[in-house]
Amino acid sequence: MEDNFRKALQSSPEEFLDLVEKHQSRSEKSCLKTLVWSLNNKPSSNSISKLCDALSLYTARAIFAFENLSNGYGQEDGDEGNEIFKTPSPQKKRRRRITRSQRSPIHEAVRTELENDRRRAKILNSLRGYSYLAQLCIMHPQKAFSPADLFSTVHTLHDKLVLFEGDCVLQDCITAICEQWWRDSLPGKESLIAQSLPCLLAKSLSVGRKIDVHRVYLMREAFTFFDFMDDSIDDLKHMLVRCALTPSYLRTEDGRRFLAFLFGLNAQLVKELITIFRSQIPFGRNSVLEAYGEILYKAWRFAKGSSLGEIENNCIQGLVEGAIYASSKTLASSIRKVLGGFISQRTQDGVEAFLYRLQEPVLFRALQVCSQ
């Protein structure tokens with residue numbers, strides 16, 4: 001199969017892309033990977049640049065065709081392979097008997113919808129092939145492919161990511177491309193996070209795999225590019241708050257580090273996270289409460305400005321008072337589990353002084369009441 005890919009690439013980029021679209025089994029992808037990673041960008045050859053141009057064109061055409069079908073604009077019959085992006089040639093007229101059912105508008109509507117579903121599936125299959133090829137080009141060991149040549153393809157895929165919500169394979173491949181682009185600090189990386197980050201975050205919340213949480217953590221700095229005062233990202237903010245209730249984030253080291261990182265993004269987000277933490281204390285499991293304590297300690301260590309004030313005055317101070325004035329031993333014990341994140345680190349510079357500063361006035365008032 002590798003020889004077939006090679007011959008097609010030597011013939012023309014278009015023929016190569018047609019072959020990529022049709023052959024996507026695991027073994028065939030392995031052959032494609034071997035071929036693509038064996039390419040090198042020699043000054044005397046412009047085949048790589050031509051391939052990138054063709055990939056950008058084919059990707060844009062496929063997405064345009066998919067959008068048309070999704071919006072109810074069907075195409076004529078007879079479009080196979082990449083001809084789904086072209087005007088089909090006239091079909092020969094054949095005389096046939098038309099039954100009453102075939103003349104029915106309902107029958108025609110069903111037939112059209114089934115045909116459009118077939119076309120959508122075919123286009124999605126093409127896009128899976130193009131996306132995988134783009135991913136191989138970006139991850140090339142010798143970086144033979146210029147980011148400038150690939151950016152058009154990647155940007156187009158990213159901007160239309162929401163269209164492929166029903167295709168997990170395609171969506172995950174595009175997200176992985178955007179992740180790699182960010183980690184490599186390639187030009188234009190800031191324009192590839194608006195769609196990919198919410199998609200990645202949503203997957204980590206729904207699937208709950210450790211690897212997905214790890215992927216989110218590696219992309220944490222990208223969240224600083226969002227304007228948290230903008231109402232248009234409310235869905236993203238809600239997902240971030242949900243992380244504080246998701247077991248996969250509380251059980252994993254990367255998840256707890258990510259939650260601690262969130263405390264430095266926005267003061268309002270800090271308030272919402274603190275509210276979540278407080279609501280879980282009365283009936284939370286010991287492991288959850290201990291995780292909250294660790295998260296709060298790490299957040300306190302690195303927080304600045306208004307976020308630091310929210311943590312110290314509206315969270316830790318309240319927990320200290322709650323541990324002393326709690327209405328039951330069970331509640332007091334739960335609060336101390338959270339405060340344990342600080343108490344266990346009291347030998348660290350500044351921790352003991354911080355706890356003393358918060359506890360002294362509360363204990364003094366409590367002892368005064370007892371003496372009276």
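By the criterion applied here, a side-chain nitrogen of Lys or Arg within 4 Å of a carboxyl oxygen of Asp or Glu, the count comes to 22 salt bridges. The model is predicted: local features need pLDDT of at least 70, side-chain atom pairs count only at pLDDT 80 or more, and totals for chains, interfaces and linings use all residues. Residues are numbered from 1 along each chain as its sequence is written, and side-chain values use heavy atoms, without hydrogens and water.

The protein chain holds 18 helices and 0 strands. Helices (H or I, at least four residues) and strands (E, at least two) are DSSP runs, numbered from the N terminus. Of its 372 residues, 44% are buried. Buried means under 20% relative accessible area, exposed over 50%, partly exposed in between (1.4 Å probe, protein chains only).

R119 is buried, at 3% relative accessibility.

A second example links R215 and E179 at 2.3 Å, N to O. R215 sits in helix α10 (residues 210-218) and E179 in helix α8 (residues 168-183), so the pair ties together parts 36 residues apart in sequence. R215 is buried, with a relative accessible area of 13%. E179 is buried too, at 3%.

R215 also meets D212 in a salt bridge of 3.6 Å, N to O. These two lie in helix α10, 3 residues apart, about one turn of the helix. D212 is buried, with a relative accessible area of 0%. Salt bridges that share partners join D172, E179, R183, K203, R209, D212 and R215 into one network.
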